[in-house]
Each structure stands twice: as structure tokens, then as C-alpha cells.
Amino acid sequence: MGYRCCHLVRLLTAGLCALAAGFARADIYVLANGGQVRGELVNPGESPRKQFIVRTDQGATVTFDREQLKQIVPQSPAEAEYENIRPTFPDTIDGQWELAEWCLKNSLAKQRNLALERIIELNPDHKQARMALGYSFLDGKWMRRDQWHKEHGYVYYDGDWRLPQEIELMKSRREVEQAERTWFVNVRKWLKWLDDPGRAKEAEESLRGINDPAAVPALLQVLKNENNRELRSLVVQLLGRIYSPVAINGLVDYALGDADPEIRASCVDELAAKPHPDITAKFVPFLRNRDNAKVNRAALALGKMGDKTVVRPLIDSLVTTHSFQAGSANPNSMSAGFGSNGSGGLSMGSSARIVRRDIQNQQVLDALVALTRQNFEFDEVAWRTWQAAQNKAAKVNARRD
């Protein structure tokens, strides 16, 4: 008998089984003693329920008391049909593959996996069954990706396979984020209390006691949104006390960009109290900023840092050339260029005229004087000649040593 004929016989047999069962709902009754009964409840209307009378697929009737029942596992019509037709598929690779395809069509994932697993028992290298079960051919053998990940030290966490180090970083980051959210709540609460005479003292003491790096984002928000200089000055002091990387970046930003000169000066003082080359390096790029005010603010900060490695970029920024629209009275709106090639003009279109102007930066000169104890004013050639002589002397001393 050919395969097609066998297939037709199985379908006919399955249809007869289903017809014989009448497509009755067949649930699984799990008993307290560990046994199971599969079938249709004969007495669904009994109330109050004392007994379960179940007609099994084979037509037998089983009765048991309510106390004997542990659990009822409902079965869908497709699951009931599966139990009827499963025996009609032969225990061969082709037969089990056909059963797996039937299960796929009827959305029976668990039953499909049973058929696929039987296939790889019959043929361990059956590629389609392996892949359908989630296997991949890795490191010369079939394995599930979860197995591969476990063998290579990965752990399933938060929806993905991750290395333990990554998991620890994620947990630490979440702890920090939670702490930051808590600080936002507390700081907002204490700011409101400052307006309450009965709680103002407690609020001030609480604010002054902050020394947790997780509080920095909340403090920076206060610095951004509040107008009270006394309160903002307190925040600058707290940032200087904490001195975490985020706090340092905040102090640098406000030293360069805050509208209040006293706040800018306070930020510089906090940074200069604990100078470090990494902090100095944050200001150097601003010596070439298109905003001339920031050029001078950066120079002021560098002069207080005491780091003589910035002498050369300061010399290069003694005189900066800026372009601005003719008639503008705001030099801060200029775009920057460098060098002292004189003044000139550049037309843009038929109506706008762009003018270039050399600007001598007093704060840059002051920083150079503070760092070198020399003063060649704005004579860039003289400054460079002096620096070259200093470098030459340093090389000679190094050879002698």
C-alpha cells in the first residue's frame, strides 16, 4: 500500500474516531492520589457538587468524590481531537512529521514538540525537526541556544541572555536611577518646606546635609530652575563637596554659561579647590569657542587651576578673530576665527554684511600672567618666543639629569 493510500486511511480513521467521540469535551481530572481521568463530565448540573461522574474516551464511567479531586485541566476541542487521532499516525519519521504539521495547523505547540522530539529520537540529525525545536548547529553539535549561552557563562535576565558582569552593571544602574528618583522627590519636598516657617529650618538642614552622588541630577535641576542666588550658591557648594564626575561636569557648564557672574565665580572656585588635569582639559576647547565671552570665562578658570600645560593654548587665544553682522552690538553673537590678520569685511547676499574683528581677550592675558609671572601683554610673538626659550631650557636640563 502506497504512502498516499496510507495517508487517506489515517485521515478516514481519524474522522471515524472523532465522529465516534462526538467531538465531546474531554477534560483531564487530576486526582489527589496522583492518578488522572480523561473524559466528559456526565453530571455538570449537580449543585452542591458532591461527586464527579466522568465518561472516559473508552466509554467507561468513573465516579469519585469531590475530596478526591486535586485539579481540573480543561482541554480544547483540538486537544480532544489530538488524543483521538494521535494513534493513527505511525511511529516513523514521516508519520511523526505529519503529526507535527497537524499540531502546528491546530495551534498545539506542546503536542507538536512531542512529535518533533520523537523524530530526533529516530534520527538525531533531522535538521527540520531540530530547527523547529529551537536547536542550532553550534560548536560542531546540535544544541539549543539557551544551552549554548549557559555553557558560555550567560544568564537569562530581563528578557535576554547576558554576561554576569552586564547584569551587575544593569542592577547597579537601576539602583542609581532609583536613588536619583528618590532624591528628586526629597529635594522638591524640601524646597516647598523652605516657604513654610514651621519647616524651613528642617528643610535647610536637610539640603545642607546632602552628600550623595545620586542627588546631583536633582541639584542640577535646582541650579537650572531656581532664581534665588543664596539657594543656587548652596547648590554649587554641595556639588563641590560631592565632586562626582556628573557634579564636575555641571560645575564646568555653569562656570562657562551661567548668567550670574557670582555663580560662575563660585563654580570656578569649587573646581580650582581640587584641580585635576582632566578638569583642566574640559576648559581648553572653549578657548576656541565662537562665543567670545566663553573664551574669556574658560581662560579665567584655567588661570585659577594652576596647570602650566595650558600656556600654549592660552597664547593662541590672546587675540581671537570673530565674524559678526554689521550693526550688531552684541559681540557674544559672533562666530569665531583665530589669528590676528587685521580687520576686514565679507558681504553675504545683497543686504547683509559680515564684518571680521580682532578682539584682545583680557582674561586670557590675566591667566597667562598668573601662570607664568610674565607679561608681554597682547604681543603673541613675544609670548611664543619666551615659551620656546622655556622649552629649550627644559630640554637641556633634562639631558643633564
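**Close-up 1. Asp65 in strand S4.** In this predicted model, Asp65 counts as partly exposed, with a relative accessibility of 35%. Asp65 belongs to strand S4, which covers residues 61-65. Leaving aside neighbours within four places in sequence, look for Lys50 and Gln51, both in contact with Asp65.

**Close-up 2. Two edge-to-face ring pairs.** A pair of aromatic rings is described by the distance of the centres and the angle of the planes. Searching the whole structure gives 9 aromatic pairs. One of them brings together Tyr156 and Trp161, whose ring centres are 5.2 Å apart and whose planes meet at 70°, so this pair is edge-to-face. Phe376 and Trp383 are also edge-to-face, because their planes are at 90°, with the ring centres 5.0 Å apart. Are the two partners of this second pair buried or exposed? Phe376 is partly exposed at 27% relative accessibility, whereas Trp383 is buried at 0%.

**Close-up 3. Charged residues over ring faces.** Here you can see Arg199 lying over the face of Trp193, at 3.6 Å from the ring centre. Elsewhere, Lys274 lies over the face of Tyr243, at 4.7 Å from the ring centre.

**Close-up 4. Ser244 in a loop between two helices.** Ser244 is found in the loop that links helix H10 (229-242) to helix H11 (245-257). With a relative accessibility of 11%, Ser244 counts as buried. Apart from neighbours within four places in sequence, Ser244 is in contact with Pro213 and Val216.

**Close-up 5. The buried face of helix H16.** Helix H16 spans residues 362-372, and Val364, Leu365, Ala367, Leu368, Leu371 and Thr372 are buried in it. Viewed down the axis of H16, these buried residues fall within an arc of 160°, so they line one face of the helix. An α-helix has 3.6 residues a turn, so residues three or four places apart point the same way. Just after H16 comes Arg373, with a positive phi of about 60°.

Close-up 6. Cys103 is buried, at 0% relative accessibility. Cys267 is buried too, with a relative accessible area of 0%. How many disulfides does the model have? With sulfur atoms required to be within 2.5 Å, the count is 0 disulfides.

How values were computed
Residues are numbered from 1 along each chain as its sequence is written. This is a predicted model: local features need pLDDT of at least 70, side-chain atom pairs count only at pLDDT 80 or more; totals for chains, interfaces and linings use all residues. Side-chain values use heavy atoms; hydrogens and water are left out. Buried means under 20% relative accessible area, exposed over 50%, partly exposed in between (1.4 Å probe, protein chains only). Helices (H or I, at least four residues) and strands (E, at least two) are DSSP runs, numbered from the N terminus. The arc is that of the directions from the helix axis to the C-beta atoms. Contact means heavy atoms within 4.5 Å. Rings of Phe, Tyr and Trp (its six-membered ring) pair if their centres lie within 6.5 Å; planes under 30 degrees apart count as stacked, over 60 as edge-to-face and the rest as tilted. A charge sits over a ring if NZ of Lys or CZ of Arg is within 6 Å of the ring centre and within 35 degrees of the ring normal.
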